[in-house]
Amino acid sequence: MFDLDPGKLIVIGIVALVAIPTKDLPRVLRQIGQVTGRMRRMAAEFQGQFMDAMREAEIADLHKNLKSEVDSAFAGVGKDVAFDPLKEAREQIVGAIEGPPAPSSDDEAKAAEPAPALEAQAAPESLPK
């Protein structure tokens, strides 16, 4: 801001030694140090507030982007479909404890029918050459 390099600071120091009496020099240097400390604290506070505002803006932007991604991901999922992992787990546990479900009367009728005969398949000797 002021662009104070070491050469300019030396010149300012020499002028201060000439212009300020020796007995007042410690008091002036103390006041300069206090003013410099206040300016640094104010600059740090401003920078902290600026960084907080940037973080809040970034978090709000990330939240908006994430919400749009989630909405687009679940757009294809029907609203009437309910995902109930506890129901699935309960069914699996009950199925494991009780065993496979008992066959119904339709299943017993299918089991009683004879299997299709293998005779319908042509023997390799009877195929034309």
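**Salt bridges and an open helix**

Modeller: In this predicted model, Arg55 and Asp52 join their side chains in a salt bridge, with N and O 2.7 Å apart.

Biologist: Why is the contact between Arg55 and Asp52 called a salt bridge?

Modeller: The cut-off is a Lys or Arg side-chain nitrogen within 4 Å of an Asp or Glu carboxyl oxygen. Arg55 and Asp52 have 2.7 Å from N to O, so the pair qualifies. In general, side chains of opposite charge can pair when their charged atoms come close.

Biologist: Where do Arg55 and Asp52 lie?

Modeller: Both belong to helix H2 (residues 25-73), 3 residues apart, or about one turn of the helix. An α-helix has 3.6 residues a turn, so residues three or four places apart point the same way.

Biologist: What makes Arg55 and Asp52 partly exposed?

Modeller: Partly exposed sits between the buried limit, under 20%, and the exposed one, over 50%. Arg55 has 46% relative accessibility and Asp52 has 39%, so both fall in that middle class.

Biologist: How many salt bridges does the whole structure hold?

Modeller: The search finds 3. One of them links Lys67 and Asp71 at 3.9 Å, N to O. These two residues are 4 residues apart in helix H2, which is about one helical turn. Lys67, at 49% relative accessibility, is partly exposed, and so is Asp71 at 45%.

Biologist: How do you know that Arg27 and Asp24 form a salt bridge?

Modeller: Their closest N and O atoms are 3.9 Å apart, and the cut-off is within 4 Å, so the pair counts. Arg27 has a relative accessible area of 42%, which is partly exposed. Asp24 is partly exposed too, with 24%.

Biologist: What makes you say that helix H3 lies largely in the open?

Modeller: Of its 14 residues, the number buried is 0, so H3 lies largely in the open. To count as buried, a residue would need under 20% relative accessible area.

Biologist: How do you know that the length of H3 agrees with what a helix should span?

Modeller: At 1.5 Å a residue, the 14 residues of H3 (residues 85-98) should span 20 Å, and the end C-alpha atoms are 20 Å apart, so the two agree. Just after H3, Gly99 takes a positive phi of about 90°.

Biologist: And what does the protein look like as a whole?

Modeller: There are 4 helices and 0 strands, running α-α-α-α from the N terminus. Buried residues make up 2% of the 129 residues. The accessible surface is about 12,500 Å², with 64% of that belonging to carbon and sulfur atoms.

Note on methods: Residues numbered from 1 in each chain as written. Predicted model: local features only at pLDDT ≥ 70, side-chain atom pairs only at ≥ 80, totals over all residues. Heavy atoms only, no water. Buried < 20%, exposed > 50% of the residue type's maximum accessible area, 1.4 Å probe, protein only. Areas by Shrake-Rupley, 256 points an atom, 1.4 Å probe, with all protein chains shown as cover. Expected span 1.5 Å × (residues − 1).
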